[in-house]
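Please take a look at the structure shown here before reading on. The paragraphs after it go from the confidence of the model to its overall make-up, and then to particular places in the chain.

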Amino acid sequence: MLKRKDIASLVLVFVVFGIQTCFSQNIGKASFPKGFVFGTDSSAFQVLKGTFQDQMIIALPVGKKPPPVPAWLVQTWPAGYCAASSTKCSKPTIPASFTIHGLWPIDNDGHVLNKVDDDGHSLPGRKLNRTQFKNLVLDYFPNLVKDLRKKWPSLIIESDEDFWLHEWDRHGRQQPVIQPSNYFFTTRDMAERTDLLNALKAKGIVPGHNLRYPIVDIENAITKKIGYKPLLLCYKTNTLSELVLCVDDAKAQKFAPCKEQKYPNLCAGPRIEFLSVITNGALVV
Ligand SMILES: *[C@@H]1O[C@H](CO)[C@@H](O)[C@H](O)[C@H]1NC(C)=O
């Protein structure tokens, strides 16, 4: 006969595996209030946020906070990115706004995490194949997908979906505390808050040809909006390709100062181009 303690453990195992089944098979429609506690006396778990249905649930041992996920929020300036000779952009239309590249977890030194995996198991987060990605994220959140297509389009890889999956695979799952769908929601929401083009415009910095802006003016315009200085990346000499904001805690969506150090591709000033897109001979701003 099972002792009371064993039964309690079995219940917990059932609950925990039940949740995973819901996640992986997409059949979880249950909704639990924030603060809902399940488990046993000795190992209780509390729902901190969301529902099973939207997969935003974060179940943690009561009293434990999730560890912060420091990261780089990388946004691309497509005209400058595609102008770099090593970058072959595949789309006929180059977006005339900043687009999301990804949210890249970093280590204590501020370097982008680059844990290697050949077997698909050595990284903390789940490796997803296309089918799983479709089931867990794309099919589940059609409105998110619509949004990502505008704000997180692929510039190089043929399909947006493959690009998103690549970002999850290469960066999102370097740290364990972000669920795949959450990775995309968090990144989208953080990027939205930055509204880079308008932050620059507010300081008279608009894209153009044969125009060079002092790096310090670009930095100041972004600092005014976000509170922290960005890193500016130039893949072609003195042409803005990407803008990085450092994130102290991706879950809490907190920006932070970047660690001072030499990164490759940092723009070298004092002035850089902020290229506009040319379509059919006309400037698109
Ligand atoms: C994707 O992974 C699932 C679960 O491991 C597996 O059943 C499925 O066959 C895989 N699909 C492809 C296309 O590899």
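**A walk through the model**

The protein chain averages a pLDDT of 79, and 72% of the residues score at least 70. This is a predicted model, in which local features need a pLDDT of at least 70 and side-chain atom pairs count only at pLDDT 80 or more, while totals for chains, interfaces and linings use all residues. Residues are numbered from 1 along each chain as its sequence is written.

The secondary structure of the protein chain consists of 8 helices and 12 strands, where helices (H or I, at least four residues) and strands (E, at least two) are DSSP runs numbered from the N terminus. Of its 285 residues, 29% count as buried, a term for residues with 20 or more other C-beta atoms within 10 Å of their own, C-beta atoms being placed from the backbone. Among contacts between residues at least 6 apart in sequence, 66% join residues at least 24 apart.

Two packed helices are described by the angle between their axes and the distance between the axes. The axes of helix H4 (residues 142-151) and helix H6 (residues 180-194) come within 11 Å and cross at roughly 50°; the axes are lines fitted to C-alpha atoms over the stretch in contact, and angles run from 0 to 180 degrees between N-to-C directions. That angle makes H4 oblique to H6, since angles under 35 degrees count as roughly parallel, over 145 as roughly antiparallel, 65 to 115 as roughly perpendicular and the rest as oblique. The contact is made by Leu144, Asp147, Leu148 and Lys151 of H4 together with Phe184, Phe185, Arg188 and Ala191 of H6.

Helix H6 also holds Thr194, which counts as buried because it has 20 C-beta neighbours inside 10 Å. Leaving aside neighbours within four places in sequence, Thr194 is in contact with Lys225, Ile226 and Leu245. The C-alpha atoms of Thr194 and Lys225 are separated by 7.2 Å, although the two lie 31 residues apart along the chain.

Trp168, in helix H5 (residues 160-170), is buried, with 25 other C-beta atoms within 10 Å. Beyond residues up to four places away in sequence, Trp168 touches Leu128, Arg173, Pro180 and Tyr183.

Methods. A residue is buried if 20 or more other C-beta atoms lie within 10 Å of its own, exposed if 12 or fewer, and partly exposed in between; C-beta atoms are placed from the backbone. Two residues are in contact if their C-beta atoms, placed from the backbone, lie within 7 Å. pLDDT is the predictor's confidence in each residue, from 0 to 100.
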